[in-house]
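Dear colleague,

Please find the structure below, handed over for your study. A short account of the findings follows it.

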Amino acid sequence: MPHIPLPDGVPGIRSLVMYRPDTGQHLYALAQALLRAGSPDSTLTSAERELIAAFVSKQNQTDFCMKSHAAASRHLYADQRDLVDQTLADTETAPISAKLKALLAIADHVQADARTVSDELVAAAREEGATDGDIHDTVLIAASFCMYNRYVDGLATLTPTDPAAYEAMGERMGTVGYQLPAPQASPATHLS
Amino acid sequence: MPHIELPAGLPGIRGPMAFSPETARPLNDLVNVLLRANAHRPESGLSEGERELIATYVSSLNDCFFCQTIHGAVASQHLGDDDWSLVKSVKGDYQRAAISPKMKALLTIAGSVQQGGKSVSPAQVEAARAEGATDHDVHDTVLIAAAFCMFNRYVDGLATWAPQDPTLYRYRAQKVAEYGYTHEDHYMPTTDSPT
């Protein structure tokens, strides 16, 4: 049960941004800027950005964020969707680019202890073609999911167990992106 | 040296914020709501100084020099802690610091969030409520602690530069306390000696 009175039956971060749109609007604006737009010189696709988010959420053991961002990544990867679960199971053997593997290694260090992101890790990513924007965006995606994950778990939000619930979320995230849901006070607009 | 090419001379988070104004905007909007505007909502039981103390405490647990120094300086500015002794005592052992029992209970929650969100227990939330914390306070404490687990990683993960001179932090803290957070560069003295 959540630690504070959140909207009934609404899962994860969605319940938190509906409860507190004052902070929620900026949290969603950040997700939209990072997981969709990205830095001007960045080569990362939205699918890859969602995969980094899912990977960091897995390291933080936050099921809700891991499953919903994995679903968004699968939706965006379309016919390559299988590589998402392969990456989450084992980044080394997954059929992803060497550049993405090097960036996931940086994300892993940001999650565990950001002070351990070394010159060598960054040089390895550059060697595989990562730009300054790729490195910046990877560090901030990883850092921001260390926030989102703690926010979702720290208030003990609802985590659905039905995989179909996540596929629907993934499709919405993959198509409309991050937009603040309608406030809870108007049940007529509360369709999701 | 920073891991990516950042504008020279901007300390801490301000380098990456100048590099990426598109993300700097929501990040600054978030701290301005969380650390400043929300303190003045009727349902809030946390002052701006207390919110900054939570940010400082979490940044010290994450051992982020820049964040704990600047937010410590802003907390001290709000709380009239001229010699920074109160902030120092909160970072050292908050249970013995001269702060309210409610703040101690909320700092315990913040410390759990820093470890991992699942570490926050119903008993910790109960203890904070028993000392007068509202739902609003519990929510804001968890989000401030979570947000600084992001800011600290952003600052350290890119190996940004942090000045050592406390005078610079005091100077900026006065501006922040008065005008709020911004990624634009009109707070920092451009010479070595701030006046």
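Chain A has 9 helices and 0 strands, where helices (H or I, at least four residues) and strands (E, at least two) are DSSP runs, numbered from the N terminus. Read from the N terminus, the order of elements in chain A is α-α-α-α-α-α-α-α-α. The radius of gyration of chain A, 16 Å, is close to the 16 Å that the globule rule gives for 192 residues, so chain A is as compact as a globular protein of that length. That radius is taken over C-alpha atoms, and the globule rule is 2.2 Å times the number of residues to the power 0.38.

This is a predicted model, in which local features need pLDDT of at least 70 and side-chain atom pairs count only at pLDDT 80 or more, while totals for chains, interfaces and linings use all residues. Residues are numbered from 1 along each chain as its sequence is written, chains are lettered from A and ligands numbered from 1 in the order in which they are written, and side-chain values use heavy atoms, with hydrogens and water left out.

Of the 192 residues of chain A, 58% are buried (buried means under 20% relative accessible area, exposed over 50%, partly exposed in between; 1.4 Å probe, protein chains only). The C-alpha atoms of chain A fill a box of roughly 50 × 35 × 30 Å along the principal axes.

Turning to the interface, 45 residues of chain B and 42 residues of chain A take part in the contact (heavy atoms within 4.5 Å). About 3500 Å² is buried between the two chains, with carbon and sulfur atoms giving 66% of that area; buried area is the accessible area (1.4 Å probe) that two parts lose on being put together, summed over both. His3(B), His139(B) and Arg153(B) supply 20% of the area that chain B buries against chain A, more than any other three residues.

There are 4 salt bridges between chain B and chain A, a salt bridge being a side-chain nitrogen of Lys or Arg within 4 Å of a carboxyl oxygen of Asp or Glu. Lys118(B) and Asp153(A) are joined in a salt bridge through their side chains, at 3.0 Å from N to O. On the side of chain B that touches chain A, the elements giving two or more residues are α1 (14–19), α2 (21–36), α6 (101–115), α7 (122–130) and α8 (135–157) of chain B. The largest share, 15 residues, comes from α8(B).

Yours sincerely
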